[in-house]
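Hi everyone, thanks for making time this morning. I'd like to walk you through a structure, so please have a look at the screen while I talk.

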Amino acid sequence: MTPIVLLLGPTAIGKTECAMGLQDYFGGAGHAQLISVDSAMVYRQMDIGTAKPSPAELARYPHALIDLRDPKDAYSAADFVHDADAAVRAARTRGQVPILVGGTMLYARAFLAGLADLPSADKQTRAALKAEYQSRGGEALHAELTRMDPEAAANIDPNNEQRLLRALEVIRITARPISELWREQRGETVVERLGGEVMTLSLEPDDRSWLHRNIEQRFAAMLAAGFLDEVQALRERGDLHLDLPSMRAVGYRQAWQYAAGELSHEQFRQDALTATRRLAKRQLTWLRQWPRLVRITRTPTDSGLAEMTDYLDGQFRRV
């Protein structure tokens, strides 16, 4: 059974570049299939702010699970597992090595470990939490979650209303942390569902300050490429709003607020950079807790690709 390669890492670390290098290492598009693990790249019309590969890159390095949904539609971890499983099976049928790449850790965890059998949503509890979110704000509810379930809170943005309220809802229904239920009530693992072996790589910075500089440089490039025009076009559709998961993506919320006149340009810039740095911190925190993971160091002058291919050489010879 063809092994699965899973490449994770924080935002702006250079995962896409390395993934394309891995496709070349395996012999090109005919021999390897890239599969996106990104909760924002699934949306059409959201290209610049998600750092989606360019049309030219996608022509040479096709990615599955990009541009699946309209921004008005939801896309869940369960949707991702279903679609990723199908993409892996299709790649294997074509004789390709599946290479999953991205930074949405919730999706990656669900793919590897399976989905927990969590309690169904409770309308009354959710309505009460939504009212609290409106009155107290996301930061206050996130602080409450941190006291009750620090493991889950470390991986949930205070502005991610859907995930934040779900974690608190589960606690109020079961009186148990959602992270505890994740560990105990798992579904079928990827090995049980698909067979074979998963080789999980984590691309991580040698220096956090370098990653922060890279985040700033990439954001400046996004602005120069027309990110604000992209968000304005989304606003002009008339059917999108900030409560949608797509519009809560890092950068998009802040750009939407700027376009609405709620933020100055400098405040928009600072808020977007702060949110991106916080995302990177959460991703690295999650990766530190990840079992059976091979850490690859990225520096300003070394992409980490050579270290990855050296490791994979040994692993593929073994299997």
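Let's start where Leu129, Glu132, Tyr133 and Arg136 in α5 meet Gly138, Ala140, Leu141 and Glu144 in α6. By class, that contact has four nonpolar residues, one polar and three charged. Before I go on, please keep in mind that this is a predicted model.

How do these two helices pack? Helix α5 covers residues 123–136 and helix α6 residues 138–148, and their axes are 7 Å apart at an angle of about 120°. The pair is therefore oblique.

Now to another pair. Helix α1, residues 15–25, and helix α15, residues 305–318, have axes that come within 10 Å and cross at roughly 40°. That makes α1 oblique to α15. The crossing of α1 past α15 is right-handed. On the α1 side you'll find Cys18, Gly21, Leu22 and Tyr25, and α15 brings Leu305, Met308, Thr309, Leu312 and Asp313. Six residues of this contact are nonpolar, two are polar and one is charged.

Finally, the second largest pocket, which holds about 630 Å³ of space.

Technical notes:
Residues numbered from 1 in each chain as written. Predicted model: local features only at pLDDT ≥ 70, side-chain atom pairs only at ≥ 80, totals over all residues. Heavy atoms only, no water. Axes fitted to C-alpha atoms, helices over the stretch in contact; angles between N-to-C directions. Helix = DSSP H or I, 4+ residues; strand = E, 2+ residues; numbered from the N terminus. Parallel < 35°, antiparallel > 145°, perpendicular 65-115°, else oblique. Left-handed = near helix turned anticlockwise from the far one by under 90°. Contact = heavy atoms within 4.5 Å. Nonpolar A, V, L, I, M, F, W, Y, C, P; charged D, E, K, R; others polar. 1 Å grid on protein atoms, 1.4 Å probe; cavity = no way out; pocket = protein on both sides within 12 Å on 5 of 7 lines; lining within 4 Å. Points joined across faces, edges and corners; volume = space filled by probe spheres on them.
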